[in-house]
Amino acid sequence: MEALTTYDFIITASIIVIISFWFNVISKKTNIPSVLMLIVLGVFLNLILSYFFGSVPDFLESLKILGTVGLIMIVLEAALELELKKDKIIPILKSMSIALIGLLASAYTAAFILQLFIPEMSMQSALIYATPLSILSSAIIIPSVGGLSEKKKEFHIYESTFSDIMGIMMFYFLIEGLNPSEDAGAAGFIGNIALTIAIAIVASYAIILIFQKIKSQAKLFLLIAVLLLLYAIGKKLHLSSLIIILVFGLIVKNAHLFFPGKAKVFLDTDKIKQIYHELHIITLETAFVIRTFFFVIFGITIVLSSLLSFKVALISLLIIISIYLIRFLILRVFIGRDIFPQLFIAPRGLITILLFYAIPTEAQVAEFESGILLFVIIATSLIMTWAMIKDKHKIGSLLDEIDEQYEERNTAEDILQEKINSNGIESTEDKIPDNEDTIP
């Protein structure tokens, strides 16, 4: 069969975007993550390409680029949702603590499991492999929790965003430890974060002050380009670049807090509101498209035979059990008894895949099978799907009970009203004298 043409790629890409839109619709009705459906679609495309063309193109570099841009868009999208208020401080700190403790505990437990079954791994290499497996996927969580209560939805947005950022920071901190000449230790790590935050604040103020003066209508993609440039330069300088994106999004969303008192004269409120709304739409749409192609391409690159290994299944199951056991203990301490469905909303996804492909050659272990990665991603997504569907049914049952109670109450009120009306009519008739008796 002849090779694919440019128009074949355009047709395929367009169909994938259309299908992804309907996956989102299905996801809202069923609570099955659209990401899971996209991965399955990628697996089917893999089978089709293999059958008609005999081989599948190498999408690895495309996957890395899509993943990086997608990550930036997802974090920016989440930051634009976060409103900073005094009553939000406790939920933010609580979410951050849960994300950090969960990340560290899960990473060290997973590293111990990997080292137990793969003796060739050093503890450092095991931690590098375990860290991506310990990071929550905001790419899956944020689009999936829209049906939860506002409090739980907010918790998951905070937690998954912090998990992404801290997980990436931890991953690159461990990688720097591979090269003693580049390893600055804990003090250097803290200094790196402080420097990144300072750069992020200065850059964010500069961008806002400049862009609110630009009169051209075509400036949003210019803004996105500036943010991508800052992120890439930050990575080249070994900074925690995602903090730059997070800080910028927070300042745009909460501009009134960052321009207090007399500083408000530098802020054009109408322009900043317009930038916020347009930026929100752009990030939402861009994140949707990039997420679509990232997970479809990931599905295409999946080697299903890697799931058939008993060793892969055993290691994966132990890691999955440790994830939910640790999460249960942390949520009970910080939240209490009301931890459903939060307990089971812990999928791994975009960051896990992206960081796995970023493991440097000197840390790679040939005995580690990528099927573990795939197994954990699919299993945690399916468990989240089950929890969300069950929670939806629970809410549905509760609403049905409330409707039944209202119906019973309304019926009782109708019966009572009929009796009152009936008694009222009878008593009135008793009081009205007969006309014949009143004739003199």
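Predicted model: local features only at pLDDT ≥ 70, side-chain atom pairs only at ≥ 80, totals over all residues.

Biologist: What share of the residues counts as buried?

Modeller: Of the 440 residues, 45% count as buried. As for contacts with a separation of 6 or more, 82% of them come from residues 24 or more positions apart.

Biologist: How many residues are in the largest nonpolar core, and which ones touch the most other members?

Modeller: That core has 120 residues, and the ones touching the most other members are L71, L114, F248, F295, I319, L350 and I372. Helix 12, residues 269–301, supplies the largest share of this core with 14 residues.

Biologist: Take L71. What is it in contact with, leaving aside neighbours within four places in sequence?

Modeller: L71 is in contact with D164, I168, Y231, L242, L350, I351 and L354.

Biologist: And what about a second core?

Modeller: There's a separate one of seven residues, which includes F155, I326, L331 and I339.

Biologist: OK, helix packing. At what angle do helix 4 and helix 13 pack?

Modeller: About 155 degrees, with their axes 9 Å apart; helix 4 is residues 89–117 and helix 13 is residues 310–334. Angles over 145 degrees count as roughly antiparallel, so that's what helix 4 and helix 13 are to each other. Their crossing is right-handed.

Biologist: Which residues make the contact?

Modeller: On helix 4 it's K94, S97, I98, I101, G102, A105, S106, T109, A110, I113, L114 and F117. On helix 13 it's K311, L314, I315, L318, I319, S322, I326, I330, L331 and F334. By class, the contact of helix 4 with helix 13 has 15 nonpolar, five polar and two charged residues.

Biologist: How do helix 4 and helix 5 cross?

Modeller: Their axes come within 8 Å and cross at roughly 125 degrees. That makes helix 4 oblique to helix 5, and the crossing is right-handed. L103, A107, Y108, A110, A111, L114 and Q115 of helix 4 meet M123, A126, L127, Y129, A130 and T131 of helix 5. The classes there are eleven nonpolar, two polar and no charged residues.

Biologist: How much of helix 5 is buried?

Modeller: Nine of its eleven residues are buried, so helix 5 is largely enclosed by the rest of the structure. The buried ones are S125, A126, L127, I128, Y129, A130, T131, P132 and L133.

Biologist: And how does helix 5 pack with helix 14?

Modeller: Helix 5, residues 123–133, and helix 14, residues 350–357, pack at an angle of about 155 degrees with axes 7 Å apart. They're therefore roughly antiparallel to each other. Y129, P132 and L133 of helix 5 make the contact with T352, L355 and F356 of helix 14. Five of the contact residues are nonpolar, one is polar and none is charged.

Biologist: Which non-glycine residue has a positive phi?

Modeller: H238, at about 65 degrees. H238 is in the loop between helix 9 and helix 10, and it is partly exposed, with a relative accessible area of 49%.

Biologist: Last one: is G70 buried or exposed?

Modeller: G70 is buried, with a relative accessible area of 2%. G70 is in helix 3, residues 60–79. G70 and R291 are 221 residues apart in sequence, yet 6.2 Å apart in space, C-alpha to C-alpha.

Terms used:
Residues numbered from 1 in each chain as written. Heavy atoms only, no water. Axes fitted to C-alpha atoms, helices over the stretch in contact; angles between N-to-C directions. Helix = DSSP H or I, 4+ residues; strand = E, 2+ residues; numbered from the N terminus. Parallel < 35°, antiparallel > 145°, perpendicular 65-115°, else oblique. Left-handed = near helix turned anticlockwise from the far one by under 90°. Contact = heavy atoms within 4.5 Å. Nonpolar A, V, L, I, M, F, W, Y, C, P; charged D, E, K, R; others polar. Core = buried A, V, L, I, M, F, W, Y, C linked by side-chain atoms within 4.5 Å. Buried < 20%, exposed > 50% of the residue type's maximum accessible area, 1.4 Å probe, protein only.
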